Amino acid sequence: MSKANNPKLKSWVEVPAGSDFPIQNLPFGIFKTRYLTAVAGVAIGNYVLDLVYLYEKGFFDGLGLPPGIFNQEYLNSFIELGRKKCSEVRERISELLQIDNDELQGNIAARELALIPMEEVEMKMPIKIPNYTDFYSSEEHATNVGTMFRDPENALLPNWKHLPVGYHGRASSIVISGTSIYRPKGQIKPPDAVSPVFSPCMKLDFELEMAFITCANTELGSSITTEEAENNIFGMVLFNDWSARDIQTWEYVPLGPFLAKNFASTISPWIVTMDALEPFRVEGPKQYPEVLPYLAYKGKKNFDITLEVTLGEGKAKTVISRSNFKYMYWNMCQQLAHHTVNGCNIQVGDLYASGTISGPDKGSYGSMLEITWNGKNPIKLNDGTERKFINDGDTVTLRGVAKKDGVRIGFGDCSGKILPAK
Ligand code: CA
């Protein structure tokens, strides 16, 4: 276990109760403020620690980091250094922030410059994402959708328990939390109509997901085993895979979702490292029937991360779902092993989303489609208004928190507001 994960650690930087960013977290992101271009930082309490400044002042001397590694508008080159080197950097940052360490704490001028209040920074996309894959790995979600649209008796398709179903998504439209999203337009075929119509989406939805980011390039023809998988994963973000259900229903046969999904997906700005998530490992659901050998794995590969979705702003703001990442039937190691078993190469910065994470009970469904059962059971927000799907002007925010031994590690907000169709 990394020393930086010790629950007893305290920082000299004030971390308010309930903060997502205690010293045990130290997630990496890209921010913009006094520099002309965006640069790398780490979150601590209500501050961003400027890694460029620390590097230039020699605080990372001896780690063998390439010059300019943090002075870049994406973290790709940094995470490409690999899990081991990135862990060393996180350990060093932890050291510098510990209450009994005086190196930075004791240098008033340096600490003033190194710590920037979060309200003064603008967070940018942390990664240049070359490829994006979306899985479909929550049994409860797949069962709900299968029940709704196909056959309750055979809700899961025959392949579902034998492989982590997925499809290739669109990387160019993945945006950072806080980016407004235009309601998509497209072909919709109302159930009683003979022909499709062109219209703004009338069933706009969110999908509560998490995503992992890979930190290695592999060669075509090679595969990653479940055992090697975690060594290729840098960390995780929250992921809202906005979905146009009415466009999806009409277009998805036989090749799967296309324009219903590729208009936007939102990620949270801070990448929480797999190192920081280490203490939160849990067993996954029992897998039956037994999986093929290349999907078998050892150890705890699921993570206990409570998830929450709010809809609406101000008085309307309402928690509409509480779920948990631990419900995933297929874990990240199995997803990556399956993805590469045919020889598909991975790249630094690739993003792999979990698929909608629904839990076993009604309050834990990860999409409006399931919460309102395709609009049949509208929900009431705190201001008394009703929703079947997402209205123009609505904000959807995902949050994720892992808690154990008095430590609370969060992901920050993954938030987006819907604007009328352009
Ligand atoms: Ca999805």
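Which residues of H3 are buried? Keep that in mind as you look through this predicted model; here are my notes.

1. Start with helix H3, which covers residues 83–97. The buried residues of H3 are Arg83, Cys86, Ser87, Val89, Arg90, Arg92, Ile93, Ser94, Leu96 and Leu97. For background, an α-helix has 3.6 residues a turn, so residues three or four places apart point the same way.

2. Now check the span of H3. With 15 residues, this helix reaches 21 Å from its first C-alpha to its last. That is close to the 21 Å expected at 1.5 Å a residue.

3. Next, have a look at helix H9 (residues 332–340). Here 9 of the 9 residues are buried, so H9 is largely enclosed by the rest of the structure. The list includes Met332, Leu336 and Ala337, along with His338 and His339.

4. Cys333 is itself one of the buried residues of H9.

5. Then find the calcium ion. Its protein donors are Asp134 (OD), Glu207 (OE), Glu209 (OE) and Asp241 (OD), at 2.2 to 2.3 Å from the ion. Along the sequence, the spacing of these donor residues reads D-x72-E-x1-E-x31-D. Glu207 sits in the loop between strands E12 (204–205) and E13 (208–214), and Asp241 in the loop between E14 (233–240) and E15 (243–244), so this pair ties together parts 34 residues apart in sequence.

Conventions. Residues are numbered from 1 along each chain as its sequence is written. This is a predicted model: local features need pLDDT of at least 70, side-chain atom pairs count only at pLDDT 80 or more; totals for chains, interfaces and linings use all residues. Side-chain values use heavy atoms; hydrogens and water are left out. Helices (H or I, at least four residues) and strands (E, at least two) are DSSP runs, numbered from the N terminus. The expected span of a helix is 1.5 Å times one less than its number of residues. Buried means under 20% relative accessible area, exposed over 50%, partly exposed in between (1.4 Å probe, protein chains only). Donors are N, O and S atoms within 2.8 Å of the metal (3.2 Å for Na, K and Ca); water is not among the atoms, so sites may look incomplete.
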